[in-house]
Each structure stands twice: as structure tokens, then as C-alpha cells.
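Hi,

Here is the structure I promised to pass on. Have a look, and then read on for my notes.

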Amino acid sequence: MSRYLRLLRIFTGATLSAQLEYRANFVGALLASLGEVGVALLGLGIVFGQPGISSVGGWSFREALLVTGFFMLTEGVISVFIQPNMSKIADAIRTGSMDFTLLKPIDAQFGVSTRHLNVLRAPDLLIGLGLIAYAASGLSVTPGGVLGAALLYVSAVVIVYCIWLALSTTAFWFVKTQNVAELFNGVFGAARFPVSAFPLPVRAFLTFVVPVAFITTVPAQAMTGELAWGAALASPVVAAALFVVTRLFWLRAVGSYTSASS
Amino acid sequence: MTTSPPDPAVHVRDLRKAYAVHEKEPGFMGSLRSFVSRKTRQVEAVRGVSFDLHPGEVVGFLGPNGAGKTTTLKMLSGLLHPSGGEARVAGFEPRRREAAFLRQITLVMGQKQQLIWDLPALDSFLVNQAIYEIPDDQYRATMREFTDVLGLDGILKKQVRKLSLGERMKCELAAALLHRPKVLFLDEPTIGLDVNMQESVRAFVRDYNERHGATVILTSHYMADVTALARRILVIDQGALVFDGDLGSLAGQAGAGKTIRLQLRSPVTAQALAGYGQDVSVDGLSAQLRVPRAEVSERAARLLADLDVADLTVEDPSIEAIMADLFGHRTPPALERA
């Protein structure tokens with residue numbers, strides 16, 4: 001365990017130094033972060049700007065803003081920690097550099113999941129946390145609610161990671177899979193709004209098929225104390241189940257690796 | 001193979017690998033058809049290869065492109081699962097890719113790189129040090145040794161993207177051998193390098209083999225790589241092992257002579273050269289012909305005396321030429337042991 005922590009530190013150092021090589025990139029990334037938050041707020045503004053609308057799907061403006069905050073935070077987690085690694089899986093398979101990863105005496109899933117960080121998108125994390133704090137400041141939030149939300153958000157991150165890994169792992173068979181990232185982003189865009197804002201069939205889809213509801217709505221509900229116990233337990237169970245399933249899927253994929261020719 | 005020790009470093013019996021490949025007709029319509037319904041075909045890349053290597057042995061693994069060399073190396077390193085047969089490397093079954101096994105081997109591929117592109121090679125070395133849990137003192141000793149033999153001074157702190165191909169290959173080798181593996185799979189480690197760089201790569205491999213008693217399997221297109229490093233040669237053709245023996249008997253079997261290249265001052269006809277050797281070809285003022293190995297100096301002397309020669313060079317036949325001589329368009333002969 002301590003060995004893997006040490007590896008994390010080494011990987012992080014290497015990926016950070018590599019990014020410091022390209023300073024101009026930083027400005028672009030900052031603009032992208034601001035663009036993201038602008039779009040998210042604009043969506044909320046349009047909905048709540050309608051005369052006579054004070055709640056959507058039973059969520060007040062502040063509560064909906066809380067969901068948007070979790071959405072931005074998740075965008076940040078994806079851009080900083082998840083996507084930089086996952087998007088390189090298909091590349092590594094196409095160019096054959098996956099060979100080196102698979103021949104290292106460390107767990108290959110750990111290797112492909114932790115080698116890279118996109119520190120340039122770290123502002124997204126701060127923006128997300130800021131939005132959550134701002135939204136919560138206008139609501140009655142208990143310390144227990146914050147703790148619950150934090151724990152459920154850990155499950156949420158695990159769920160997001162598993163979905164990304166499963167989608168990226170398909171590259172072992174299909175090689176080029178950039179479009180699966182778009183697929184995820186398309187569906188995940190729905191997470192900027194509370195699930196109850198959607199019609200029932202869509203809500204069911206976002207809960208049971210692609211568990212987007214667990215990513216933003218559930219932690220927000222926990223924070224406002226509106227979460228039922230059943231739903232609170234479902235999130236870690238879904239996360240654990242997904243983790244096991246994607247692990248098995250990964251192992252299978254690695255077993256059928258064909259290694260691009262020399 | 002009478003003195004085979006009980007525990008060979010590499011043990012291969014009837015190793016096989018079949019791939020499903022999909023075929024596509026050329027052109028856009030072909031692509032469209034292939035997108036809708038893929039035709040797949042089973043290709044046997046390796047069909048029933050067997051050999052044993054002693055610890056510390058260096059062998060050259062030869063064969064034309066697509067013969068199955070790389071596929072075999074990938075099976076032995078654990079990247080590919082064999083579709084049949086048996087392989088044991090350093091006492092392990094490669095396909096399981098156990099950590100203890102991976103610590104004892106390395107695979108160097110001349111056309112792929114593991115170094116971090118945007119950082120100096122030293123950063124990649126530190127990552128590998130952590131991955132392989134190399135103690136600091138061992139790391140320092142190994143780095144001293146490699147810096148010495150490979151001449152890494154001054155290139156370790158430059159970003160990898162700024163290194164020349166040769167410098168990068170040296171760093172790739174160092175990164176791949178940092179954990180002092182016992183079994184080395186080297187796939188075209190000198191490809192694309194100039195003669196000096198090829199020589200230093202060879203010197204490094206030889207030195208490592210002697211110092212650490214490592215077993216080495218080497219594939220290369222350059223005759224010099226193989227002659228400099230390996231006493232024993234394995235030749236694979238169309239997925240089957242067709243020769244296993246020493247280099248001399250391979251060249252003898254091939255009957256391949258040397259190639260004499262001429263640069264002439266005045267034109268000659270191919271007929272005029274026919275008396276000096278075989279496979280004569282003339283192109284303007286350049287000409288080349290093949291002569292038997294034993295008669296190289298005598299024929300060269302005659303050419304120099306009889307013709308108006310500006311320059312004359314003698315070359316070893318390329319491995320491809322030997323391969324062509326040996327196995328040209330024939331079906332692979334039965335395994336011969338020298």
C-alpha cells in the first residue's frame with residue numbers, strides 16, 4: 001500500500017513537471033474552465049429567470065445551484081484526474097506503448113489510471129467547491145449533512161471513474177474509441193440539473209442505466225438533509241458493484257490484448 | 001544439445017499463436033463493406049516453435065519480416081497469450097505476468113519508446129526506479145555503470161524530445177535494463193541508428209551480458225549486430241523454426257558469398273563482368289556482383305587490375321539476402337541442427 005502511495009507521488013511529480021514545460025497551455029485551460037462554469041450558470045439562469053418559476057422539480061434556486069456545484073466539481077475531477085489517463089489508453093493501445101505498462105511489475109489498472117494529471121484544469125475543482133459553499137451558505141446545512149455529502153461524493157467519484165474506465169477499456173478491442181468519451185460527456189451533461197427536473201422515464205434512465213443521479217443529485221440531497229436512507233445506501237453499493245465489474249472487464253480486456261506490431 | 005543444464009533460462013516447446021485478422025478491400029467502398037461486415041481470417045503467426053536457452057546465452061533470432069519473431073518475443077515476455085504449446089522463462093509461465101517474473105525480464109523494442117517525451121530521461125529512470133523498487137545504492141551503481149558503457153554523460157538532463165534517435169535509444173536501453181533483468185528480449189534495438197550508435201548499443205549489450213550473466217534474445221536486420229553478439233542463431237520463417245545452430249554453418253548453408261560494389265571510371269557491360277562473379281548488375285558507372293566468400297580478395301584484385309575502378313567495396317550479404325538464399329520461395333525445410 002505504501003509502495004503504491006510512493007508511486008502516486010512519483011507519477012504526480014513527473015506529470016506536473018511535464019506540464020510545466022508548456023506554459024501557454026495554461027491560459028487556454030483557464031479559459032476553458034471559465035467557459036464551463038458560464039454555461040452551467042447560464043442554464044440555471046434561463047430556467048429560474050422565467051417569470052413565476054421559483055423551483056424546478058421541487059428544487060429551489062439555491063438547491064439547484066448546489067447540484068450545479070457538484071457538477072462543476074465533478075467536471076474538475078474528470079478533467080484533472082480521470083480523462084488525462086483514460087484518453088491515453090486508446091493511444092497506448094494504438095501505438096503499442098501499452099506493452100510497457102503491461103510489462104511493469106505493478107498493477108496495470110493502477111498504472112493506466114494514475115500516471116497523468118491535468119493540473120491546468122485544477123481551477124474547475126475550486127470553482128465547483130466555491131459554488132457548493134455559496135449555495136450551501138443560503139440553505140440550512142448541518143455538519144452531518146456535509147459529512148454525508150462528502151462520503152456519498154466519494155462513491156460518486158468511484159462511479160464516474162468506473163464508467164470512464166469501462167468505456168476506455170473497449171479500446172482493447174476497438175482500438176479507436178475517442179467517441180466513447182463524447183458519449184459519456186453527452187449523458188453526463190444531464191447531471192448539471194437535479195434528476196427530478198426530468199420526466200420520469202429519463203429519471204429512471206439516469207438512475208439505473210447510467211447512474212448519473214448518484215453523481216450530483218444524491219450528494220446535494222444529502223447536504224440539504226433530504227436524502228432517504230435507502231438512497232444513501234444505494235450509492236456506495238452501486239459504486240462497489242461497478243468497481244468489481246469494471247475490474248473484471250479490465251482483466252478480460254488485458255487478457256485479449258493483441259499488441260500493435262513492432 | 002547434450003550439455004543442457006536442468007533449468008534452462010528459456011524453455012519453449014511447440015509454441016503457437018494464431019490471430020484473427022480482418023481483411024479489407026482497398027478503396028472507400030471496401031472500407032464501407034468492411035465496416036458493415038468484417039471478414040476475418042485465422043493467421044498462424046507462430047506454428048510450433050521449440051528451443052531451449054542456457055542462462056547467459058546470447059542468440060540471434062532471424063527471419064524475414066512477418067516471420068513471427070516479434071510475436072514469439074511478445075509471447076515470451078508475457079504480452080501475448082500463446083494459442084498453444086509451452087513457454088517457461090526464468091522458471092515462470094510468461095502469460096501469467098507475475099510481478100516476480102516481470103522483475104527478471106525486459107523487452108526493448110527499437111520502434112517503441114517508454115521514456116516520457118517531455119521530460120529528461122532521468123525523470124523516466126526515477127519512475128522506473130520506483131516501479132521496480134530499486135534500492136538507492138543499487139540504482140546509483142547501475143547508473144554509473146550504464147553512463148560509463150553507453151556514454152550517457154550530458155544527455156540525461158535533456159528533454160527526451162530534444163535527443164537524437166541514437167541518444168534516445170541509449171536512454172531507452174538504460175531505462176529498460178535499470179532493474180538488472182536476467183532475460184533480455186531485444187527486438188530490433190539498433191533499427192535506424194548510424195554505424196557508431198549501432199556499435200555502442202552492441203558494446204553495451206555485450207558488456208551487460210558478460211557482467212550480469214543475462215540471457216539475451218536479439219532480433220535485428222543488421223548482420224553486424226548478430227555476428228558481434230550471438231554465437232547461436234535461430235531462424236524462423238513463416239512461423240516455423242528452420243535453423244538452429246552457429247553462425248558459420250548458417251552462412252555456409254546459405255552459400256551466400258559477399259557482395260562487391262564497384263564505382264567505375266568508364267562504362268562496362270554486364271557480360272564483361274560475368275567472368276568475375278554472379279548476379280551481376282550494372283547501372284551506369286556503378287556495378288555490383290556476388291563472389292564466393294573464400295575468393296573475395298582474389299576476385300577483387302583481378303577486378304582492380306583488369307578494369308578502370310574508382311572505388312571498390314566488399315559487403316556482407318544482408319540477412320535478408322541470406323534469408324532469400326536460404327528460404328527464397330520454398331516451403332520451410334525441416335529443422336536442421338548444426
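Below is what I found in the model.

First, some housekeeping: this is a predicted model, where local features need pLDDT of at least 70 and side-chain atom pairs count only at pLDDT 80 or more, while totals for chains, interfaces and linings use all residues. Residues are numbered from 1 along each chain as its sequence is written, and chains are lettered from A and ligands numbered from 1 in the order in which they are written.

Where the two chains meet, 29 residues of chain B are in contact (C-beta atoms, placed from the backbone, within 7 Å) with 24 residues of chain A. On the chain B side, helix H2 (69–77), H3, strand S5 (105–109) and helix H4 (121–131) each give at least two residues; helices (H or I, at least four residues) and strands (E, at least two) are DSSP runs, numbered from the N terminus. H4(B) has the largest share, 5 residues.

For context, most residues other than glycine have a negative phi. B:Asp14 sits in strand S1 (residues 10–23), whereas B:Arg97 is in the loop between strand S4 (84–89) and helix H3 (99–102). B:Asp14 is partly exposed, with 13 other C-beta atoms within 10 Å, and B:Arg97 is partly exposed too, with 19. The cut-offs are 20 or more for buried, 12 or fewer for exposed and in between for partly exposed, with C-beta atoms placed from the backbone.

Cheers
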